[in-house]
Amino acid sequence: DISDVYAVVTVSGEANSQVGGLIGGVEGGSINRSATTGTVTAPGINEVGGLVGSLRGGAVNNSYSSASVTGNDQVGGLVGNGQSGTTVDDSYASGRVTGESKLGGLLGLNNSDTAGSYWMDTNTTDSATSETASGDTNGIETGAKSGGNFTLADAQGDSATGTLTALDFDSIWKTTDGFPALQTTPRPPQAVVVDEDGGGDY
């Protein structure tokens with residue numbers, strides 16, 4: 001398992017598939033309380049995510065990505081391809097997502113069990129949405145604040161505690177001037193540059 005990692009990344013992918021800001025492919029493992037920011041650039045590549053390219057039989061918990069993500073097919077702000085039998089819980093993504101097909105602010109292709117997770121659409125509209133932001137970067141669906149939509153401002157600063165109610169602000173998350181951050185990171189952020197010539201699994 002991977003826990004408590006914060007990475008500022010510049011990832012350039014040239015593999016056939018599976019490129020992620022933190023890891024290309026996860027099979028049966030979990031990523032907990034981890035985050036990425038920066039850029040993940042893999043034009044022409046499938047299964048590309050701000051945090052994980054492909055999630056198979058694994059889990060992402062209490063994690064986020066603000067990385068800008070570029071790929072071809074199955075491109076997500078957090079996870080490119082969330083396959084059946086996986087879970088994505090209490091997490092969010094806020095980066096720009098671009099590609100050719102199966103694009104999602106949170107997950108590009110979503111067959112996973114996703115709960116309490118959010119997509120902050122900082123690119124196309126002034127709104128945020130929970131859980132359902134997969135498969136179409138322009139497809140803002142209904143948010144979850146008092147039965148209606150909420151704006152990006154509602155998800156930032158102290159307002160986030162009343163909006164992103166799935167996140168545990170007592171022991172895991174904290175408010176900032178912008179979107180929430182994790183309370184603990186093992187060390188100050190360090191820049192990581194990856195030129196990925198081949199996909200891999202964790």
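Predicted model: local features only at pLDDT ≥ 70, side-chain atom pairs only at ≥ 80, totals over all residues.
Residues are numbered from 1 along each chain as its sequence is written, and side-chain values use heavy atoms, with hydrogens and water left out.

Entry on Ser117. I place Ser117 in the loop between strand S19 (113-115) and S20, strands being DSSP runs of E of at least two residues, numbered from the N terminus. I find Ser117 buried, with a relative accessible area of 0%, where buried means under 20% relative accessible area with a 1.4 Å probe, protein chains only. A polar atom of the Ser117 side chain also lies 3.3 Å from the backbone nitrogen of Asp90.

Entry on Tyr118. I find Tyr118 in strand S20 (residues 118-121), and Tyr118 is buried at a relative accessible area of 4%. A polar atom of its side chain lies 3.2 Å from the backbone nitrogen of Ala166. I also looked up Ala155, which is 37 residues from Tyr118 in sequence and 9.7 Å from Tyr118 in space, C-alpha to C-alpha.

Entry on strand S2. In S2 (residues 6-13) I list Ala7, Val9, Val11 and Gly13 on the covered face, and Tyr6, Val8, Thr10 and Ser12 on the uncovered one. S2 runs parallel to strand S6 (residues 35-41), to which 7 bridges join S2, and I see Ala7 standing opposite Thr36 in S6.

Note on methods:
Helix = DSSP H or I, 4+ residues; strand = E, 2+ residues; numbered from the N terminus. Buried < 20%, exposed > 50% of the residue type's maximum accessible area, 1.4 Å probe, protein only. Polar contact = N/O pair within 3.5 Å; in protein donor to acceptor, adjacent residues only side chain to side chain. Pairing = 2+ DSSP bridges.
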